[in-house]
Amino acid sequence: MPEQLFPLDSSRKFEDQEKVGHNRWHPEIPPVATVKPGSSFRVDCREWFDGAIRNDDSADDILNAPLLTVHKLSGPFAVEGAKPGDLLIVDILDVGPIPQEDTGPLAGQGWGYTGIFSRNNGGGFLTEQFPDAYKAIWDFTGQTATSRHIPGVSFAGLIHPGLMGTAPSAKLLATWNKREGDLIATDPGRVPPLALPPEAEHAVLGSLPATEFARVAGEAARTAPPRENGGNQDIKNLSKGSRVFYPVFVDGANLSLGDLHFSQGDGEITFCGAIEMGGFIDLRVDLIRGGMETYGVGENAIFLPGTVDPRFSQWLAFSGTSVTLGGEQRYLDSHLSYQRACLHAIDYLTKFGYSPEQAYLLLGAAPIEGRLSGVVDIPNSCSTVYIPTAIFDFDVRPSAAGPFQIERGIGAPRAANR
């Protein structure tokens with residue numbers, strides 16, 4: 001096992017650990033450790049809500065999810081000799097749930113969760129159609145996930161970090177805050193909001209001196225969106241065996257990561273759409289000097305996907321175009337066409353006995369594939385959603401016999417939006 005540089009004690013809160021990570025982006029957050037190029041190390045990661053979501057049959061915890069506190073990130077890790085303009089190479093050697101802890105109150109101890117956030121607390125990709133909070137608990141048996149809240153399905157996990165990235169420079173941070181602030185100003189009362197401004201009260205900034213806390217917390221960027229540094233990209237294929245190339249903006253690069261997922265569908269469409277968990281990740285790091293200019297990688301990371309994807313041979317695919325539910329034509333709106341493809345898939349799955357909410361949760365958690373299938377044929381963009389048929393315990397394909405009817409079970413816990 002590589003040297004463990006960031007251990008987490010499951011009996012203690014994230015802020016009470018021997019080494020404290022962070023939940024905001026800022027160049028002045030001090031590194032928790034410095035590593036040499038070419039070295040390997042292990043990092044423990046807490047699930048993004050630090051234990052606020054429970055293994056039960058209520059969705060009240062999702063309704064009241066503390067979004068101002070996320071993400072609980074491990075790091076930063078400085079890489080000796082890294083300079084702005086370099087590319088940081090990160091190899092994912094291994095990743096998994098919390099080792100040797102098969103049961104317990106924390107996601108990653110033998111279980112994980114998927115949530116639909118309420119419209120007034122986060123929302124999601126289909127928040128207009130699903131304004132209430134819902135939850136599904138998934139149990140892990142080896143590499144396989146099953147759920148008492150979504151019966152009739154099981155699938156192998158494609159475990160990956162939802163969030164990993166380097167620290168921004170002061171200039172880049174100011175750019176983020178300016179452009180996102182300008183967007184918020186176009187509709188400041190929108191629910192859900194258009195973007196998330198800096199928020200100091202719930203900031204966790206590692207070992208930053210108390211004398212600097214108020215200033216840095218007031219500037220530090222929230223971790224919710226992906227940006228030029230990588231960040232919360234939620235790419236399910238960043239799994240074991242992946243190699244990622246991150247732009248370096250500050251001395252040391254200051255790599256941070258967290259938000260581990262046992263599985264996820266493309267798009268993480270419920271916002272809390274993956275199977276969220278805590279766990280561990282083994283990394284190896286190296287540098288390409290001046291690599292940002294050499295390879296033209298200045299905005300966002302590039303990566304080589306891993307080789308551990310579940311292998312599916314049959315898929316059931318659904319398409320959508322850029323026409324609203326009310327019949328309004330939009331011009332090449334790929335976001336809308338993907339929404340429509342997802343809604344078509346949800347409607348189809350309800351014919352087998354699933355509730356719409358169960359189907360929506362499943363699309364967020366299972367290894368579905370989302371594709372832009374047409375972006376040039378005006379006025380309709382076409383997006384497609386591919387569902388692997390092997391994840392179902394029954395034949396989900398259309399047939400003359402009609403759809404098999406599943407036993408819905410206890411269903412997905414619900415908490416009304418308020």
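Helix α5 covers residues 334-350 and helix α6 covers residues 356-365. The two pack at an angle of about 125°, and their axes are 9 Å apart. Angles here run from 0 to 180 degrees between N-to-C directions, with axes fitted to C-alpha atoms. Helices (H or I, at least four residues) and strands (E, at least two) are DSSP runs, numbered from the N terminus.

Which residues of α5 meet α6? On the α5 side they are Cys 342, Ala 345, Ile 346, Leu 349 and Thr 350, and they meet Pro 356, Ala 359, Tyr 360, Leu 362 and Leu 363 of α6 (contact means heavy atoms within 4.5 Å). Sorted by class, this contact holds nine nonpolar residues, one polar residue and no charged ones. Ala, Val, Leu, Ile, Met, Phe, Trp, Tyr, Cys and Pro count as nonpolar, Asp, Glu, Lys and Arg as charged, and the others as polar.

## The covered helix α6

Helix α6 is mostly covered, with nine of its ten residues buried (buried means under 20% relative accessible area, exposed over 50%, and partly exposed in between, for a 1.4 Å probe and protein chains only). Among the buried residues are Glu 357, Gln 358 and Gly 364. What do the buried residues of α6 pack against? Their partners are the strands β7 (111-116), β8 (133-141), β10 (155-156), β17 (271-276) and β22 (382-388), together with helix α5.

Leu 361 belongs to α6 and counts as buried because its relative accessibility is 0%. Beyond its neighbours within four places in sequence, Leu 361 touches several residues, including Thr 114, Tyr 134, Ile 150, Thr 270 and Ala 412. Leu 361 and Pro 388 are 27 residues apart in sequence, and their C-alpha atoms are 15 Å apart in space.

## An open sheet

Six strands line up as an open sheet with mixed pairing, in the order β1-β4-β18-β6-β15-β19 (two strands pair if DSSP finds at least two bridges between them). At the edges sit β1 (3-6) and β19 (302-304), each pairing on one side only. On average, neighbouring strands of this sheet are turned by 30° against each other, direction ignored.

Strand β1 pairs with β4 (residues 40-45) in the parallel sense, over three bridges. Gln 4 has Arg 42 of β4 as its bridge partner.

## Backbone details

One runs from Val 70 to His 71, with omega near -5°, and His 71 sits in the loop between α1 (60-63) and β5 (74-79). Another joins Val 191 and Pro 192, with omega about -10°; Pro 192 lies in the loop between α2 and α3 (210-219).

Ala 253 has a positive phi of about 70° although it is not a glycine. Ala 253 is in the loop between β15 (243-247) and β16 (255-261) and is buried, at 0% relative accessible area. Asp 259, in strand β16, also has a positive phi, of about 55°, and counts as buried at 2% relative accessibility.

## How to read the values

Residues are numbered from 1 along each chain as its sequence is written, and side-chain values use heavy atoms, leaving out hydrogens and water. In this predicted model, local features need pLDDT of at least 70 and side-chain atom pairs count only at pLDDT 80 or more, while totals for chains, interfaces and linings use all residues.
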